[in-house]
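Here are some notes to read alongside the model, written as one colleague to another. Please keep the viewer open as you go through the points.

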Amino acid sequence: MECACQNYNWIKIDKEKCIGCSLCVEYCPRDVFRMDDDRSAYVKYRDDCWYCDVCTFVCPVKAITVEEVPYLIK
Ligand code: SF4
Ligand code: SF4
């Protein structure tokens, strides 16, 4: 049985809000994001995220949210 955590994504991008500026791709220190063909960002390497919150800070339209993860499983 596949663990549900495999599919869980704690980084959320609101595609309706994203304006395709690619700042998140540029600034994420762990290189988590990529741009879609339709010029919106998506999470490509979720497991590389280290919860620094830089993406939520740089996104000009606040399209990204990074959920709080309990300290012990960070
Ligand atoms: S929280 Fe930090 S490491 Fe994670 S996706 Fe955002 S910028 Fe990248
Ligand atoms: S920083 Fe925000 S608006 Fe810009 S590409 Fe990333 S999610 Fe979209």
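1. Asp31 is partly exposed, at a relative accessible area of 38%; partly exposed covers the range between buried (under 20% relative accessible area) and exposed (over 50%), with a 1.4 Å probe and protein chains only. Asp31 sits in the loop between H1 and strand S2 (33-35). Its phi is positive, about 60 degrees, although Asp31 is not a glycine. Most residues other than glycine have a negative phi.

2. A word on the basis of these notes. This is a predicted model, in which local features need pLDDT of at least 70 and side-chain atom pairs count only at pLDDT 80 or more, while totals for chains, interfaces and linings use all residues. Residues are numbered from 1 along each chain as its sequence is written, chains are lettered from A and ligands numbered from 1 in the order in which they are written, and side-chain values use heavy atoms, with hydrogens and water left out.

3. Ser22 has a positive phi of about 65 degrees without being a glycine, and its place is the loop between S1 and helix H1 (23-27).

4. Now the overall layout. The chain has 2 helices and 4 strands, in the order β-α-β-β-α-β along the sequence; these are DSSP runs numbered from the N terminus, helices being H or I with at least four residues and strands E with at least two. Of the 74 residues in the chain, 31% are buried. Among contacts (heavy atoms within 4.5 Å) with a separation of 6 or more, 49% join residues 24 or more positions apart.

5. What makes up the largest nonpolar core? This core has 18 residues, and those with the most contacts inside it are Trp10, Ile11, Val32, Phe33, Ile64 and Val66. Strand S1 (11-13), S3 and strand S4 (64-66) each supply at least two of its residues. By definition, a nonpolar core is a set of buried Ala, Val, Leu, Ile, Met, Phe, Trp, Tyr and Cys residues joined through side-chain atoms within 4.5 Å. Leaving aside residues up to four places away in sequence, Val32 touches Ile11, Tyr42, Val43, Lys44, Tyr45, Arg46, Asp48 and Cys49.

6. Please check the cavities as well. A cavity is a set of points, on a 1 Å grid over the protein atoms alone, where a 1.4 Å probe fits but cannot get out, and lining residues have an atom within 4 Å of a point. There are 2 cavities of 30 Å³ or more.

7. Tyr51 lies in the loop between strand S3 (41-43) and H2, and is buried with a relative accessible area of 19%.

8. Finally, is Thr56 buried or exposed? Thr56 is buried, at a relative accessible area of 18%. This residue belongs to helix H2 (residues 54-58). Not counting residues up to four places away in sequence, Thr56 touches Lys62, Ile64, Thr65 and Val66.

Definitions and conventions: 1 Å grid on protein atoms, 1.4 Å probe; cavity = no way out; pocket = protein on both sides within 12 Å on 5 of 7 lines; lining within 4 Å. Points joined across faces, edges and corners; volume = space filled by probe spheres on them.
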